[in-house]
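Visitor: Could you take me through this model and show how its features are to be read?
Guide: Gladly; here it is.

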Amino acid sequence: MTTVALVTGGSRGIGAAIAARLSSAGYIVVVASRSGDAPSGVEVAGSIAMDVSDPESIESGLAQVAEQFGAIGILVANAGVTRDTLLMRMSDDDIDEVLATNLAGSIRLARGVLRGMVRAKSGRIVFLSSVVGMLGSAGQVNYAASKAGLIGATRSLAREVGSRAITVNVVAPGFVDTDMTAALDDDRRTEILAAIPAGRYAAPDEVAAAVEFLVGPHAGYITGAVLPVDGGLGMGH
Ligand code: NAP
């Protein structure tokens with residue numbers, strides 16, 4: 001049996017690496033992003049345009065996937081954005097967009113796939129959080145709140161659907177080499193590197209490997225967990 005896996009934010013960065021791994025593992029992978037681009041160099045079954053900060057776009061995107069590929073068995077809610085600045089300077093838009101995309105969007109996506117998973121009596125949901133959701137980070141009040149919120153959402157949903165053989169987990173990366181961290185200035189990069197016990201950033205594939213494990217057949221008894229992939233930065237948080 002082949003399982004349909006939806007990876008949001010799968011057009012580049014960590015999402016593209018997740019799409020590549022799940023595709024190689026034999027899942028039917030559909031990626032979603034605002035651009036609707038397929039990840040370059042990765043074979044996926046489909047790529048759709050979906051803005052996860054927009055409830056209607058989520059609804060129509062999920063309907064499109066169900067119609068073209070069938071019920072979604074794996075959701076990897078990976079799409080995320082940053083709008084970093086100190087809170088005193090943070091605009092309403094900075095707050096709203098980050099929370100709508102990272103937190104509300106992920107929750108709505110999970111709600112949208114649940115009915116099919118309950119019917120199938122199986123399912124895997126993985127949310128991409130971040131080490132900063134637990135550590136905090138100056139200049140990221142909006143982002144850290146959205147990522148911490150995903151942990152509460154995960155643990156609550158894991159309790160709701162545990163008996164239906166649906167698992168809900170979080171992967172919490174540290175600093176990963178993607179477009180998101182390319183935006184950091186050199187001083188900040190040096191400061192971050194000094195704090196990471198592993199002494200380096202992660203490659204996107206190292207995060208993807210953790211996701212592949214959690215959605216796979218050997219992780220059926222793991223739910224409500226937060227799996228850090230952070231080179232020791234959060235020391236197991
Ligand atoms: P990235 O390179 O900036 O890629 C973000 C992806 O999300 C893109 O595919 C983007 O495509 C999509 N996206 C953004 N806003 C969207 C929206 N409203 N609707 C649908 N898709 C949207 O980011 P990344 O570094 O791979 O990060 C992936 C996830 O890991 C994020 O949740 C991030 O917070 C988390 N994370 C990253 C790091 C890191 O160091 N990089 C660390 C911890 C956690 P479009 O622009 O076309 O929409």
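**Reading the ligand site and the backbone**

Guide: An oxygen atom of the ligand is 2.7 Å from an N or O atom in the side chain of R12, a polar contact, that is, a pair of N or O atoms within 3.5 Å, where within protein one must be able to donate a hydrogen and the other to accept it, and residues adjacent in sequence count only if both atoms are side-chain atoms. This is a predicted model, in which local features need pLDDT of at least 70 and side-chain atom pairs count only at pLDDT 80 or more, while totals for chains, interfaces and linings use all residues. Residues are numbered from 1 along each chain as its sequence is written, and side-chain values use heavy atoms, with hydrogens and water left out.

Visitor: Which backbone atoms lie by the ligand, at G9 and at V52?

Guide: At G9, a backbone N or O atom lies 3.2 Å from a ligand oxygen atom, and at V52 a backbone N or O atom lies 2.9 Å from a ligand nitrogen atom. Of the 890 Å² of accessible area that the ligand has on its own, the protein covers 95%, with areas taken from the Shrake-Rupley method with a 1.4 Å probe.

Visitor: How many residues surround the ligand, and which are the closest?

Guide: A residue is near a molecule if one of its heavy atoms lies within 4 Å of it. Here 29 residues surround the ligand, the closest being S11, R12, Y143, V176 and T178.

Visitor: How do I read burial, and is N142 buried or exposed?

Guide: Buried means under 20% relative accessible area, exposed over 50%, and partly exposed in between, with a 1.4 Å probe and protein chains only. N142 has 3% relative accessibility and therefore counts as buried; the side chain of N142 reaches the backbone oxygen of D94 at 3.1 Å. N142 is placed in helix 5, where helices are DSSP runs (H or I, at least four residues) and strands likewise (E, at least two), numbered from the N terminus. A144 also lies in helix 5 and is buried, because its relative accessible area is 12%.

Visitor: Where is K121 placed, and what is its phi?

Guide: K121, a residue other than glycine, has a positive phi near 55°, and its place is the loop between helix 3 (92-120) and strand 5 (123-128). With a relative accessible area of 61%, K121 is exposed. A165, not a glycine either, has a positive phi of about 60°, but at 41% relative accessibility A165 counts as partly exposed.
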